[in-house]
Amino acid sequence: MPIHQIPRILLRLSLILIAFLLIVPNQSCKTFAGASPLNTVWSGVSHDRQFTILADLLTQTGWAEKLNGKEKYTLFAPTNEAFEKLGNDKLQELKKPENSAALLSIIESHIYAGELDKETLVSTGVLPPSVNGKTYPVQRKNNRFFIGNARPTRNPEYAGNGLFYVIEDVL
């Protein structure tokens with residue numbers, strides 16, 4: 001083979017390899033908007049403006065650091081609107097130091113060890129216990145998926161250390 005044809009062959013092989021990598025599906029590459037698969041559940045929540053209240057509460061309870069680590073978690077993430085349904089007075093009351101145990105209980109009822117994918121949840125009909133031991137039924141109503149009375153508003157968002165579901169109510 002003449003030496004001048006070698007770069008052309010390498011270019012073709014590179015293009016074939018790139019095309020293969022783009023076509024092959026990879027579950028671990030599912031991510032939340034604007035994130036890379038290497039990001040954490042915490043970075044997905046903390047960089048999204050619809051979760052500013054949740055991010056504040058996760059930081060206050062010490063869960064921000066845990067959701068930024070290597071251990072895998074599933075988080076059912078209430079939006080700001082979900083927390084606002086509780087009322088500002090209730091939120092301010094929960095943030096007081098003397099109510100830290102109640103706040104921690106609420107936050108931990110939204111966090112599960114490991115990755116809980118949607119198909120498994122719907123097929124089992126119940127969540128395993130959260131990190132604080134609470135369980136919620138999983139059901140379909142009118143072709144919608146519910147965790148307790150909270151409805152995930154879209155498919156789970158994947159991160160390097162787990163995933164999170166956006167929910168419209170606090171559990």
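Me: Are α3 and α7 parallel or oblique to each other?

Reply: This is a predicted model, in which local features need pLDDT of at least 70, side-chain atom pairs count only at pLDDT 80 or more, and totals for chains, interfaces and linings use all residues. Residues are numbered from 1 along each chain as its sequence is written, and side-chain values use heavy atoms, with hydrogens and water left out. Helix α3 (residues 52-61) and helix α7 (residues 100-108) pack at an angle of about 120 degrees, with their axes 10 Å apart. Angles under 35 degrees count as roughly parallel, over 145 as roughly antiparallel, 65 to 115 as roughly perpendicular and the rest as oblique, and α3 and α7 are therefore oblique.

Me: Which residues in α7 do L54, L57, L58, Q60 and T61 in α3 meet?

Reply: Contact here means heavy atoms within 4.5 Å. By that criterion, the five named residues of α3, from L54 to T61, meet L103, L104 and I107 in α7.

Me: How many nonpolar, polar and charged residues has the contact of α3 with α7?

Reply: Ala, Val, Leu, Ile, Met, Phe, Trp, Tyr, Cys and Pro count as nonpolar, Asp, Glu, Lys and Arg as charged, and the others, Gly among them, as polar. Sorted in this way, the contact of α3 with α7 has six nonpolar, two polar and no charged residues.

Me: What percentage of the 171 residues of the protein chain count as buried?

Reply: The protein chain has eight helices and six strands, where helices (H or I, at least four residues) and strands (E, at least two) are DSSP runs. A residue is buried when its relative accessible area is under 20% with a 1.4 Å probe, and of the 171 residues the buried share is 37%.

Terms used. Axes are lines fitted to C-alpha atoms, for helices over the stretch in contact, and angles run from 0 to 180 degrees between N-to-C directions. Buried means under 20% relative accessible area, exposed over 50%, partly exposed in between (1.4 Å probe, protein chains only).
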